[in-house]
Amino acid sequence: MIVILVQHFLNDEGQQGFGEWVENLAQHASRYEGFIAARPLILEADPTQTYVLLEWENDELLDRWLAGPERVMLLDQQAPHRLNMLTSTRYTTETVHTAVR
């Protein structure tokens, strides 16, 4: 599984609508093969730090989303509220199953 953590630098209005924007992102991304989840993350100590955690089955399927028109449209919607360029980090992970005692 691929996990990508994207930091968004948003003004107050962008921060207020961030959860709804991530829900919209998840609706669009769910139309793409390999999409698993999208979660908004907001740092408790500093709510101006907003992130999206995206989960995809593999790099190839994630790259299709990243190159797709829906992603561009969503980023364009957010552009008026952006204070700085996005930053992202891509991780590879595996699911670990443990027994509950």
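Which residues lie nearest the centre of the largest pocket? Val6, Leu54, Leu66, Arg71 and Leu86 do, in a lining of 15 residues. Keep in mind while browsing these close-ups that the model is predicted.

**View 1. The sheet has four strands and is open.** Reading across, the strands come in the order β2-β3-β1-β4, and the pairing is antiparallel. β2 and β4 (82–92) sit at the edges with a single partner strand each, so one side of each has no neighbour in the sheet. From one strand to the next, the twist averages 15°.

**View 2. Strands β2 and β3 are joined by a hairpin.** Here we zoom in on residues 35–42, which make up β2, and residues 49–56, which make up β3. The two strands run antiparallel, with seven bridges between them. Look for Pro40, whose bridge partner in β3 is Val52. To get from β2 to β3, the chain goes through a hairpin of six residues.

**View 3. β1 pairs with β4.** Strand β1 covers residues 2–10, and eight bridges tie it to β4 in the antiparallel sense.

**View 4. The largest pocket has a volume of about 180 Å³.** Back to the pocket from the opening question: its lining draws at least two residues from each of β1, α2, β3, α3 (59–66), α4 (69–78) and β4. So what kinds of residue make up this lining? Eleven are nonpolar, three are polar and one is charged. Among the residues nearest the centre are Val6, Leu54 and Arg71.

**View 5. The second largest pocket comes in at about 150 Å³.** Its lining is made up of Glu13, Gly14, Gly17, Glu20, Trp21, Asn24, Gln77, Gln78 and His81. Two or more of these residues come from each of α1 (12–16), α2 and α4. Which element gives the largest share of this lining? That would be α2, with three residues. By type, the lining of the second largest pocket splits into one nonpolar, six polar and two charged residues.

**View 6. His81 sits in the loop between α4 and β4.** Is His81 buried or exposed? With a relative accessible area of 18%, His81 falls under the 20% cut-off, so it counts as buried. Setting aside neighbours within four places in sequence, His81 is in contact with Phe9, Leu10, Asn11, Glu13 and Gly14.

**View 7. Gln15 is a buried residue in helix α1.** Its relative accessible area is 19%, which is under 20% and therefore buried. Which residues does Gln15 touch, not counting those up to four places away in sequence? They are Leu10, Pro47, Thr48 and Thr50. Leu10 is also in contact with His81, the residue featured in the previous view.

Methods:
Residues are numbered from 1 along each chain as its sequence is written. This is a predicted model: local features need pLDDT of at least 70, side-chain atom pairs count only at pLDDT 80 or more; totals for chains, interfaces and linings use all residues. Side-chain values use heavy atoms; hydrogens and water are left out. Two strands pair if DSSP finds at least two bridges between them. Axes are lines fitted to C-alpha atoms, for helices over the stretch in contact, and angles run from 0 to 180 degrees between N-to-C directions. On a 1 Å grid over the protein atoms alone, a cavity is a set of points where a 1.4 Å probe fits but cannot get out, and a pocket is an open set with protein on both sides within 12 Å along at least five of seven lines; lining residues have an atom within 4 Å of a point. Grid points are joined across faces, edges and corners, and a volume is the space filled by probe spheres set on the points. Ala, Val, Leu, Ile, Met, Phe, Trp, Tyr, Cys and Pro count as nonpolar, Asp, Glu, Lys and Arg as charged, and the others, Gly among them, as polar. Buried means under 20% relative accessible area, exposed over 50%, partly exposed in between (1.4 Å probe, protein chains only). Contact means heavy atoms within 4.5 Å.
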